[in-house]
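Please open the structure in your viewer and keep the sequence panel beside it. This tour moves from one selection to the next and says what is there.

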Amino acid sequence: SHFHCAEEKESLINDEAPKKPEEILHEMKRIAELIQNGAIDFLKQEYKYLTVFLILFSILLIFVAEPVTGYFYTTISFLIGGFTSIMAGYIGMRIAVYTNVRTTKESATDISNGFHVAYRGGQVLGFTLVGMALLVLCLLIIVLSNIFWAGKTAVEMLSISKKDLRTSRCSSR
């Protein structure tokens, strides 16, 4: 628990005395820090399980999904996607907590202002995560295209069929 004592926890719930705006802001920052710490603790625990899953599933992919033995395009792409997901979760949690405390502050004075802060926070979150995912996907496509299609003409690239891929998979094992 991030509370230093029982009195601190109680003061958050039962504090009846009116406070000055700067006291309220200080308390909101303190609560936001507690929430941020809890969110990061949650993510650390979640990422332990996710890492185990990524490792175990990657081992399965090596034996089941790779078309050619010794080349790990599918597995590497899966791992890059998994780690991109981890980064997205971390960034998303940070933006969400950051936005929530500001939404609460603005909503205390005017619900319309609170809505606008929440909406903008959602936009930042969405565009950031989608932009990051598209960047990683484009980089992955560029790198794998350069590796896979190196030295081939456009006609050769278009003429490769599923049968050719199955044949190369069977003959390489």
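A salt bridge is a side-chain nitrogen of Lys or Arg within 4 Å of a carboxyl oxygen of Asp or Glu. The model on your screen is predicted, so local features need pLDDT of at least 70 and side-chain atom pairs count only at pLDDT 80 or more, while totals for chains, interfaces and linings use all residues. Residues are numbered from 1 along each chain as its sequence is written, and side-chain values use heavy atoms, with hydrogens and water left out.

**Stop one: the salt bridge**

Select Lys105 and Glu106, whose side chains meet in a salt bridge with an N to O distance of 3.9 Å. Side chains of opposite charge can pair when their charged atoms come close. A search of the whole structure finds one salt bridge. Are these two residues buried, exposed or in between? Glu106 is partly exposed, because its relative accessible area is 24%, and Lys105 is partly exposed as well, at 37%. Here buried means under 20% relative accessible area, exposed means over 50%, and partly exposed lies in between (1.4 Å probe, protein chains only).

**Stop two: the whole chain**

Now colour the chain by secondary structure, where you will find six helices and zero strands. Helices (H or I, at least four residues) and strands (E, at least two) are DSSP runs, numbered from the N terminus. Of the 173 residues of the protein chain, 17% count as buried.

**Stop three: helix α4**

Select residues 111-148, which make up helix α4. Its 38 residues should span 56 Å at 1.5 Å a residue, and the end C-alpha atoms are 54 Å apart, which agrees; the expected span is 1.5 Å times one less than the number of residues. Within α4, Gly114, Gly121, Met132, Val136 and Leu140 are buried, and the buried residues of this helix pack against α3 (73-109).

Move to helix α2, residues 21-64, where the 44 residues should span 64 Å and the end C-alpha atoms are 61 Å apart, which agrees. Among the buried residues of α2 are Met28, Leu43, Tyr47 and Leu61.

Finally, select Val52, Phe53, Ile55, Leu56, Phe57, Ile59, Leu60, Phe63 and Val64, which form a nonpolar patch on the surface with about 880 Å² of accessible area together. Such areas come from the Shrake-Rupley method with a 1.4 Å probe, and for residues only the protein chains shown count as cover. Patches are made of residues with over 30% relative accessible area and no salt bridge, with like charges joined within 9 Å and nonpolar side chains (Val, Leu, Ile, Met, Phe, Trp, Tyr) within 5 Å. Val64 counts as partly exposed because its relative accessibility is 49%.

Key
Contact = heavy atoms within 4.5 Å.
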